[in-house]
Amino acid sequence: MQDILTLLKPRFQSVYNQGRISSGGIGKYKYLFITLLGIIFWGGALYISLRVLRYFSNIEDLGNILAWKLLSMVIITIFSLLIFSSILNSLSKLYLAKDLKLVHAMPVSSYKIFMARWIETTLDSSWMVILYTLPVFVAYGWIHTTGISFYPVMLLSLVLLALAASSIGAIVVMIAVVLVPASRIRTIFVFLGLSLFIMLYIALRILRPERMVDPEVFSVTLFYIKSMSTPSSPFLPSTWCYDALMAAIEGFSGVACFHMLLALSFSVFMGFVLMAVADILYFNGVSRAQTSAARLFSARRLDLPLIKRLSGPVRALVDKEIKTFFRDQTQWSQLFLIAALIGIYIYNFKVLPLDKAPIRTLYLQNMLSFLNMGLAFFVLTAITGRFAFPAVNMEGESIWIIRSGPVSLRSFLWIKYMIYLFPLLIMTLVLIIGTNLLLDVVPFMMALSCINTLLMVPGVVALGIGFGAAFPSFKSENPAQTITSYGGMIFMILSAAFIGAVIVLQAGPVYHILRSQFKSRAYSTFDITWMIFSFGAALVICILVTFLPMRYGEKKLSKSLFES
């Protein structure tokens, strides 16, 4: 045990040192800002959860069933996220970390090295998921006025879910590394992307969330209630934790302890299985992972007509960016995740029972289309944070080559910008146009959605590239994780503020235009002035957000490289 703690000490010491650095000077304000932001987010999640559960509690007979169904969906989602997060972290910590050669050269047993790495993987993959889902469970305890015993059961349930998910993820990775040739170990991410798509799709279809808003699909109310209250598989750890929480809420301590013991026994059993599999496969997998990596696609020269028209240095940078993206399987394989996201996103609109809504269908469809713009742009922000924000950091310590080359930093950043702009623009247009076609919106809403997309996507991408350059981390082992840094949080906040500002400015005029069209009313001079001001202000914001972050990122990056 002492050896395991010694292996974990560098990680804990680095966290402690980072906290000490953040407690002084400018770092102190960054630390306070991030802490305040986390508290606000946590409080907002708690407030929303309380509002939803209070609404459910006011629905006679069906309210409790809806609350329990929502709790089941939350736990299944958490368990799925923990498994996938564990798979990604296990592959990184167990096989791709840069310090593996040093660690395995130490006079320590291999199983102790594995245990230390697995503990670190469990902490990294679960702390954020657990921390930011706690408000949901606290809201259940608050609304149902449970005793103090509910909260230990809640915490223990989440810990046991994390342990079980981490064990499953590590076992999957160890088997995959042995099956896949070591020269193509990063190709596992393709498998992970497809697995996530299948996992999300199956989980979504099993839960069938559209039933919560469409009781008319059932012949009688009794069958509807019975269907909504049907439990999940009794052999899943998520079901045991759900049953334990439900029993603790209702005051059945004995039943809660029984289900907690089931979850605990499964976690302990998976721990033994994990160690047995690690003893057989882990060291062999590490040895295979040390061989040189091979690419799935052979190198080819890009002879696109548009690229040929560029000047020599600029063409070389564009060629480098595209080839670098497709050579790194951890980058292009995530296109599968985006495809899964787009498919599920559009499918959700297809199953909406709009024809059974008490509001006029045509009016509801167009209002949903307007709100869908904001939702699609938030999806765009998340994908931009994954690809465009770390684009500058992907240069790593070879950034000095770019700095000393014949291309200015401004051109370098704008090349990055253009490379990510067009794919993200096409993706957002697919989301917007696809959902609008399913909603059968009026031509005005279709035109407004497309124009907003053409104006706002460049702004979101500029925020990603600009703030990624303003807060660089060229020594990061995994540049993709820089989105969780201080600069990443600033990007997410400003992007959300940008989207919110444009949507709020246009909400009033859009509502007035739709109401006037449906009721055949003419526009007054005040209405026309109001529309011109609102849409004009939104246009000015989009233009400013497209150019100002890029200039800010250029200045900050130039200063950072000069000081280094």
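**Rings and a kinked helix**

Modeller: In this predicted model, the count comes to 12 aromatic pairs.

Biologist: OK, how is the pair of Trp-68 and Tyr-140 arranged, and what's the distance centre to centre?

Modeller: Trp-68 and Tyr-140 are stacked, with 6.5 Å centre to centre and 20° between the planes.

Biologist: Which helices do Trp-68 and Tyr-140 lie in?

Modeller: Trp-68 is in helix α3 (residues 62-96) and Tyr-140 is in helix α5 (residues 110-143). The two parts are 72 residues apart in sequence, so the pair ties them together.

Biologist: And is Trp-68 buried or exposed? What about Tyr-140, buried or exposed?

Modeller: Trp-68 is buried, at a relative accessible area of 12%. Tyr-140 is buried too, at 1%.

Biologist: Which residues do ring pairs link into a cluster?

Modeller: Tyr-95, Phe-114 and Tyr-282 are linked that way.

Biologist: Switching to charges: what lies over the face of Phe-387? And which charged end sits over the ring of Phe-471?

Modeller: For Phe-387 it's Arg-386, at 5.4 Å from the ring centre. For Phe-471 it's the charged end of Lys-556, 5.9 Å from the centre of that ring.

Biologist: New topic, helix α18. How many residues does it have, and how far does it reach?

Modeller: Helix α18 (residues 443-470) has 28 residues and reaches 40 Å from first C-alpha to last, close to the expected 40 Å.

Biologist: Where in α18 is the kink?

Modeller: At Met-456, shortly before the proline Pro-458, and the kink is about 25°.

Biologist: How many of the residues in α18 are buried?

Modeller: 21 of its 28, so by the under 20% cut-off this helix is mostly covered.

Terms used
Residues numbered from 1 in each chain as written. Predicted model: local features only at pLDDT ≥ 70, side-chain atom pairs only at ≥ 80, totals over all residues. Heavy atoms only, no water. Phe/Tyr/Trp six-rings, centres within 6.5 Å; stacked < 30°, edge-to-face > 60°. Helix = DSSP H or I, 4+ residues; strand = E, 2+ residues; numbered from the N terminus. Buried < 20%, exposed > 50% of the residue type's maximum accessible area, 1.4 Å probe, protein only. Lys NZ or Arg CZ within 6 Å of the ring centre and 35° of its normal. Expected span 1.5 Å × (residues − 1). Bend = angle between axes of the 7 residues up to and from the residue.
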